[in-house]
Amino acid sequence: KISTALLPLHPVCPSCAPPAANSPTMSALTLYSFAGDFRALKAQIAAEYNGVALATPEFDVNVDAKKPEFLAKSPLGKVPLLETAQGCIHESNAIARYIARIRADTQLTGYSFFEQGKVDAWLDFVSHELEVPATMWVYPVLGYTSFDKKVHSKAVADVHKALAVLNTHLTGSTFLVGHHVTLADIVAVAALLYPFKLVLTPAHLAAYPAVQRWFTTCVNQAAFKAVLGDVLLATDEILAQGNKAATPLPGKGGKGKGGAAKGGAAKGGKKGGKKGGDKKASGAAASAASAPAPAAKKPPKPFEGLPSGKMNMDAFKRHYSNAPYDDAGERDYYATMPKFFSEIYDPECYSIWFADYQYNEENKVDFTTSNLVGGFLQRSDSIRKGAFGTMVITGDAAPYKITGCWMFQGTTTKEIIENNPDAEYYTWTKADTSDPAVQ
């Protein structure tokens, strides 16, 4: 019995292959929106996964959105808006889909037609069942709309209803679709970002452990962190002005209408009721409600600063995925390798390694061994841009053997060791690619 798990690629014909992320047609993408717009975050995270350069100029919706030149681009004068060399795209999900489709090999839109349909289904679910009540709950907290008790109660109930659906699905799945991050996860995390930061306390989330695990897993992925920074989860619920025991936001408290109730929560200390006693709470609310900003000093991305030489990894993946068909109608990937070694591969800037699992004697159950390999590939996702590999499970009976073969940008295994915690359980042997037999 032999099963293989390959970092998956869509077969892409040369004439319809998406342009490379650094090609001229992809270098002129500009996303217009205000800082911290959760709808714009969908496109920004997708761009990180696909290695797409996305310009995000400063944009004041109260000024810039009313200018004639912007209204000529956006039918309703709304953001986010994506400007491309071919024209403009409006609506946040359409923008996110466009960026996700730029690279087929990252499979943000799904591996198969079925997975693509599931991704679209979850996008619709988030738009209708989650985004609407989540904004109705959070917008009054941020001061965008006024508090209404009936609207608030209905919004909280609907968010919990949506969380229950997500929790049921995620109890048996790591991600919403398939075994890796897709646009479905990106859009759902974006919709839940401010609720998780401002109002969804441990008490609210107690019934949804799978959702908590999934959200934490996603926001700690490298592409998410590059956009969101460190996401601090709510420990105390911040309430809107006009809600009972509200925690005032900057400029919303004091003596004005809707400010914090006299006494109330501010009287907790000996002098808690005196003037100015709300400043500390207000500051905490301001911190929690601030727009998600990237970390002050971003950690270097995998392979950053390494020379790329003459070889283009994306071009190689397209060459490999377009392997010719053999007489049986199957793609003959071996047929792509002579040209690879003679014309494409650059041994000065890339290296190929064999990986042997160190604990094969423990692989006594076939499906758990398969899950082990699936998890390894999933945890390798952050180095996808500069890596290409296959993992193989062999054996007619237990114990099964796990081996792999990987190509990395650079001449060491540093990137996979540092970014995939499972990599240390493998013995890595560098291949002598100058030897035709090894090739």
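**Strands, cores and rings**

Trainee: How many residues sit between E6 and E7 in their hairpin?

Mentor: The hairpin formed by E6 and E7 has six residues between the two strands, and Gly-395 in its turn has a positive phi of about 130°. Strands here are DSSP runs of E with at least two residues, helices are runs of H or I with at least four, and both are numbered from the N terminus. Keep in mind that this is a predicted model, in which local features need pLDDT of at least 70 and side-chain atom pairs count only at pLDDT 80 or more, while totals for chains, interfaces and linings use all residues. Residues are numbered from 1 along each chain as its sequence is written, and side-chain values use heavy atoms, with hydrogens and water left out.

Trainee: Over how many bridges do E6 and E7 pair?

Mentor: Strand E6, residues 387–394, pairs with E7 in the antiparallel sense over eight bridges (two strands pair if DSSP finds at least two bridges between them). One example is Thr-390, whose bridge partner in E7 is Cys-405.

Trainee: And which bridge partner does Trp-353 have in E7?

Mentor: The partner of Trp-353 is Trp-406. Strand E5, residues 350–357, and strand E7, residues 401–409, are also antiparallel, and seven bridges join them.

Trainee: Switching topic, what is the order of the open sheet of three strands?

Mentor: The order is E2-E3-E4, and the pairing is antiparallel. Strand E2 (30–32) and strand E4 (87–90) are at the edges with a single partner strand each, so one side of each has no neighbour in the sheet. Ignoring direction, neighbouring strands of this sheet are turned by 20° against each other on average (axes are lines fitted to C-alpha atoms, for helices over the stretch in contact, and angles run from 0 to 180 degrees between N-to-C directions). Strand E3, residues 81–84, is joined to E4 by four bridges, and Glu-83 has Cys-88 as its bridge partner in E4.

Trainee: Which strands does H3 touch when it packs on the sheet?

Mentor: H3 touches E2, E3 and E4, and its direction makes about 120° with that of E4.

Trainee: What about the largest nonpolar core, how many residues does it have?

Mentor: The largest nonpolar core has 70 residues, and Leu-166 and Trp-214 have the most contacts inside it. Such a core is a set of buried Ala, Val, Leu, Ile, Met, Phe, Trp, Tyr and Cys residues joined through side-chain atoms within 4.5 Å, where buried means under 20% relative accessible area, exposed over 50% and partly exposed in between, with a 1.4 Å probe and protein chains only. Helix H6 gives the largest share of this core, twelve residues.

Trainee: Which residues is Leu-166 in contact with, leaving aside its neighbours within four places in sequence?

Mentor: Leu-166 is in contact (heavy atoms within 4.5 Å) with Trp-122, Phe-125, Leu-130, Leu-176, Leu-192 and Val-211. There is also a second, separate core of 19 residues, which includes Ala-355, Tyr-357, Leu-377 and Ile-402.

Trainee: How many aromatic pairs does the structure hold?

Mentor: It holds 24 aromatic pairs. Rings of Phe, Tyr and Trp (its six-membered ring) pair if their centres lie within 6.5 Å, with planes under 30 degrees apart counted as stacked, over 60 as edge-to-face and the rest as tilted.

Trainee: Why is the pair of Tyr-320 and Tyr-333 put in its class?

Mentor: Their ring centres are 4.7 Å apart and their planes stand at 20°, so this pair is stacked. Tyr-320 is buried at a relative accessible area of 14%, whereas Tyr-333, at 31%, is partly exposed.
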